[in-house]
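Colleague: I have the model open on my screen and would like to go through some of the side chains with you. Can we start?

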Amino acid sequence: MTDKGRYITNSGPKTPVGGLKAAVTTDNAIVTETMVKILNAGGNAADAVIAGAMVQAAVEPYMTNHAGLITMLYYEAKTGKIHQLDSLGGHASGLPPFKPVPPGMGGYAALPPSAIIPGFMPGLKAIHGKFGTRSWTELCEDAVYWAETGHPVSTFEYGMNIFAEKFITFFPEGRDFYQPGGYFPNVGDIFTPPGMAETLRGVRDHGPDHMITGEWAEAFVAKGNELGWKVEMGHMTETPPRWVEPLRFHYNEYELVFLGPPQAQGFFSAVALGVLKHLGIRGMEQGSAEHFWAMGHALRQGSRHWEYAHDDQFYDVPREAVIDDDYHAHLAKLIRGSRPKVDMSDHIRLSGDSAVGSGDYLSQFGGSGGRPRLAKHDEKQPTGSCEIAVVDAEGNWCQFMDTLQGSGIPGQVVGGIPMVGSHATFGHLQSSMDATLIKGAKQRSVIGNTLVLKDGKPVFSAGSPGNIHCTLPQVLSYLLDFKLDPYAAVDAPRMLPMSESSTVVIEDRLEKGVVEDLHKLGVRVGALSGYDWHMGSFAVIARDEASGTLTAVADPRRCGVADGIAA
């Protein structure tokens, strides 16, 4: 192992970093190092996130790429205004969805992905133009360095490559990229992504337009046409980044700021948290059956509302109706009114798995000591994404995501940039990722960039990849209802929404007796592993209201690293 081996981090307990005047937390030690360096050199939060995202896609091509999408919430300290950037790419107008990878080879989901125009570089260009203070060239230097010299392979990277092998090696271009020499690099090896450095030098020297309208964009269009996708250069700029009004939601003494439609996370989380409030979550014991019963129902209600998150340039979008407190109270009344009046344990014992449909979570319960057996994981949500959180010394606060989801031509590699495509459906109400095939329309997705304000100023920010639709309300509830410290809130067990068979699937760290108590409430229980990587990798920053100092937190479920500049 080379000296770069010090950058390898894996899942496991993480140490929060407190007493900071500027804070950073990302999914990768190299990315965190780059961002802290930019802050130390006088850059602001926007500069740091641009440099970090560029590096992230260079050292974690199994989780994100330079042809993907980005979203951001940005609190501008001097004005107190919160800006939302939506830079999802669009499906090329006038063309049907192009799916070069057949069903069953869809990578992270069963649905075969479709080709989509990249949003990553247009988004970074928009951030730099609005908030950047350092030169574009400077912000690209570390990404070029890591693309040229390679990065060390972690256990997590190796596992992700094996997990996605059928998809990422479907085309010869993918095999040449991911398997130099015919095999995946092993843990501790240095992986130098073939061809990427040349493209990133072009981005550094010619700006982000190199991948929007320049040489790389021309090669992208040519590859699409070679495969039968009749994309044109005009498609590369027809769905530009958009500054969107975020969704603001009052929750007890806090104001929560989510990504506004067509991103669906805000609708999901507002409904789930509103229901929890009216179910009396603050009066429940954390980790009890009552807590998980309420959370399962609340998350179920949340998932029933993302279908209303559309692009408001093309649809009427019922923002006020979805966040209405009286509506949440009514939903909670329905849930309370349907609570069992008798002990349902015999029903659970006798019915067993028979109520679990083929499309539902596989729940096996009644294991030794009352612990649930391992459950089949819900695989609807692609998990390849990277969350970044950064606060600079001036108080500019940025919660940001970049992801391989929604990137370019599925399974292809152009100029050393690997791509996954989009798993969006087209007009499906209950799909978490859905696209409207109208020129300029932004697609629905579920991305969890969130700011928590108190008295008008940020006190927390949070976001994560991996089943973010249901994990974000849980982490927020741990923080805001149960008042856990930030790391404990991120560490605490997470669950999936209650399913059609009255099943909740939870990370296997429940207190003794909780499974039996859930059975009494008529709830079946399945287990995930204790720290399930599908359940995310939260990047959280918290501000101490008394001292004003910051704490940065990385999630134990993946490879995150928190750091910053001491106060």
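Colleague: Is Phe177 buried or exposed?
Modeller: Phe177 counts as buried, because its relative accessibility is 1%; the term buried means under 20% relative accessible area, exposed means over 50%, and partly exposed is in between, with a 1.4 Å probe and protein chains only. Please keep in mind that this is a predicted model, in which local features need pLDDT of at least 70 and side-chain atom pairs count only at pLDDT 80 or more, while totals for chains, interfaces and linings use all residues. Residues are numbered from 1 along each chain as its sequence is written, and side-chain values use heavy atoms, with hydrogens and water left out.

Colleague: Okay, and how many aromatic pairs are there?
Modeller: The count comes to 16 aromatic pairs, where rings of Phe, Tyr and Trp (its six-membered ring) pair if their centres lie within 6.5 Å, and planes under 30 degrees apart count as stacked, over 60 as edge-to-face and the rest as tilted.

Colleague: Which residues do the ring pairs link into a cluster?
Modeller: Tyr62, Phe156, Phe163 and Trp533 are joined into a cluster by ring pairs.

Colleague: And what does Asn161 touch?
Modeller: Leaving aside residues up to four places away in sequence, Asn161 touches Tyr62, Ile168, Tyr178 and Phe184, where contact means heavy atoms within 4.5 Å. Asn161 is found in helix H5, residues 155-163, and is buried, with a relative accessible area of 5%. Helices here are DSSP runs of H or I with at least four residues, strands are runs of E with at least two, and both are numbered from the N terminus.

Colleague: Switching to charges, which ring does the charged end of Lys130 sit over?
Modeller: The charged end of Lys130 sits over the ring of Trp243, 5.1 Å from its centre, and Arg339 lies over the face of Trp293 at 4.9 Å from the ring centre. For a charge to sit over a ring, NZ of Lys or CZ of Arg has to be within 6 Å of the ring centre and within 35 degrees of the ring normal.

Colleague: How many salt bridges does the structure hold?
Modeller: The structure holds 24 salt bridges, a salt bridge being a side-chain nitrogen of Lys or Arg within 4 Å of a carboxyl oxygen of Asp or Glu. Among them, the side chains of Arg242 and Asp311 meet at 2.9 Å, N to O. Arg242 lies in strand S6 (residues 242-244) and Asp311 in the loop between H11 and H12, so the pair ties together parts that are 69 residues apart in sequence.

Colleague: Is Asp311 buried or exposed?
Modeller: Asp311 counts as buried, because its relative accessibility is 3%, and Arg242 is buried as well, with a relative accessible area of 16%.

Colleague: Which residue does Arg282 meet in a salt bridge?
Modeller: The side chain of Arg282 meets that of Asp481 in a salt bridge, at 3.0 Å, N to O. This pair links distant parts of the chain, with Arg282 in the loop between H10 and H11 and Asp481 in the loop between H15 and H16, 199 residues apart. Asp481 counts as buried at 6% relative accessibility, whereas Arg282 counts as partly exposed at 35%.

Colleague: Which residues are linked in a network of salt bridges?
Modeller: Asp491, Arg494, Glu507, Arg509, Asp555 and Arg557 are linked in such a network.

Colleague: Now the backbone: where is the cis peptide bond that has an omega of about 15°?
Modeller: That cis peptide bond joins Pro261 and Pro262, and Pro262 lies in the loop between strand S8 (254-258) and helix H10 (265-279). Most residues other than glycine have a negative phi, and most peptide bonds are trans. Asn252, although not a glycine, has a positive phi of about 55°; Asn252 lies in the loop between strand S7 (247-251) and S8 and is partly exposed, with a relative accessible area of 39%. Lys483 is not a glycine either and has a positive phi of about 60°.
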